[in-house]
Amino acid sequence: MLNLLNDLRSLLYFKVNIKDQSSFWANALKGKSGECWEWEGDLDIVSGFGVYKKVISGVNVERYAHRLAYILTFGAIPFDNEIRHTCRNRICCNPDHLMPMRKHPDPDEEAYITATYYDSKRLPRLSYFERRRIRQLREEGLVLRKISEHYGVSLSTISRLLKED
């Protein structure tokens, strides 16, 4: 609930003050719409996300840059949602790469998140969600070749993953 109030305050403040919107976007290294717009401002040491700091009415306010980028572009974040990076780049604030998702997604959403994350880039390891879904698909009787083709990995990778259990 506190995040929702903070987001509404941020939205109201930043929507009214155009000058602050431009100072916010000045911290983002904008590229083409399909590329990551990396945050060049402060970073949160613990989470690794970009942070935008501002003094509002004498109070120091910190907001995650990706959340503000979403708010400035699309409006308030839906209740009980967090903003996910489809590019898996924590300092990206390109609104095209930001997607609201429930904090505890169901398996169908996990599959969507994984498919979206890996649509453009292939990382060397399968994500937690992918590994979990692969095990589930195998239990449902899907053959290893189909699973490996779907996730773009070798048969031996799928086989090793299933033997980990």
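## Close-up views of charged pairs and cysteines

**View 1. Aspartate 42 and lysine 53 form a salt bridge, with 3.8 Å between their closest N and O atoms.** Welcome to this predicted model. Aspartate 42 belongs to strand β3 (residues 42-43) and lysine 53 to strand β4 (residues 50-56), so their pairing ties together parts that are 11 residues apart in sequence. Side chains of opposite charge can pair when their charged atoms come close. Is aspartate 42 buried, exposed or partly exposed? Aspartate 42 is partly exposed, and its relative accessible area is 38%. Lysine 53 is partly exposed too, at 45%.

**View 2. Lysine 53 also meets the side chain of glutamate 62 in a salt bridge.** Here the distance is 3.8 Å, from N to O. Glutamate 62 has a relative accessible area of 47%, and is therefore partly exposed. Take a moment to look back at lysine 53, whose relative accessible area is 45%.

**View 3. Glutamate 82 and arginine 84 bring their side chains together in a salt bridge.** From N to O, this pair is 3.0 Å apart. How accessible are the two partners? Glutamate 82 counts as partly exposed, with 27% relative accessibility. Arginine 84, in contrast, is buried, with a relative accessible area of 10%.

**View 4. Asp42, Lys53 and Glu62 belong to one network, joined by salt bridges that share partners.** In this view, you can follow the contact from aspartate 42 to lysine 53 and then the one from lysine 53 to glutamate 62. How many salt bridges does a search of the whole structure find? The search finds 3.

View 5. A disulfide is a covalent bond between the sulfur atoms of two cysteines. The cut-off for a disulfide is a pair of cysteine sulfur atoms within 2.5 Å. Across the whole structure, a search finds 0 disulfides.

**View 6. Cysteine 36 is buried, and cysteine 87 counts as buried as well.** For cysteine 36, the relative accessible area is 17%. For cysteine 87, relative accessibility is 14%.

Methods
Residues are numbered from 1 along each chain as its sequence is written. This is a predicted model: local features need pLDDT of at least 70, side-chain atom pairs count only at pLDDT 80 or more; totals for chains, interfaces and linings use all residues. Side-chain values use heavy atoms; hydrogens and water are left out. A salt bridge is a side-chain nitrogen of Lys or Arg within 4 Å of a carboxyl oxygen of Asp or Glu. Helices (H or I, at least four residues) and strands (E, at least two) are DSSP runs, numbered from the N terminus. Buried means under 20% relative accessible area, exposed over 50%, partly exposed in between (1.4 Å probe, protein chains only).
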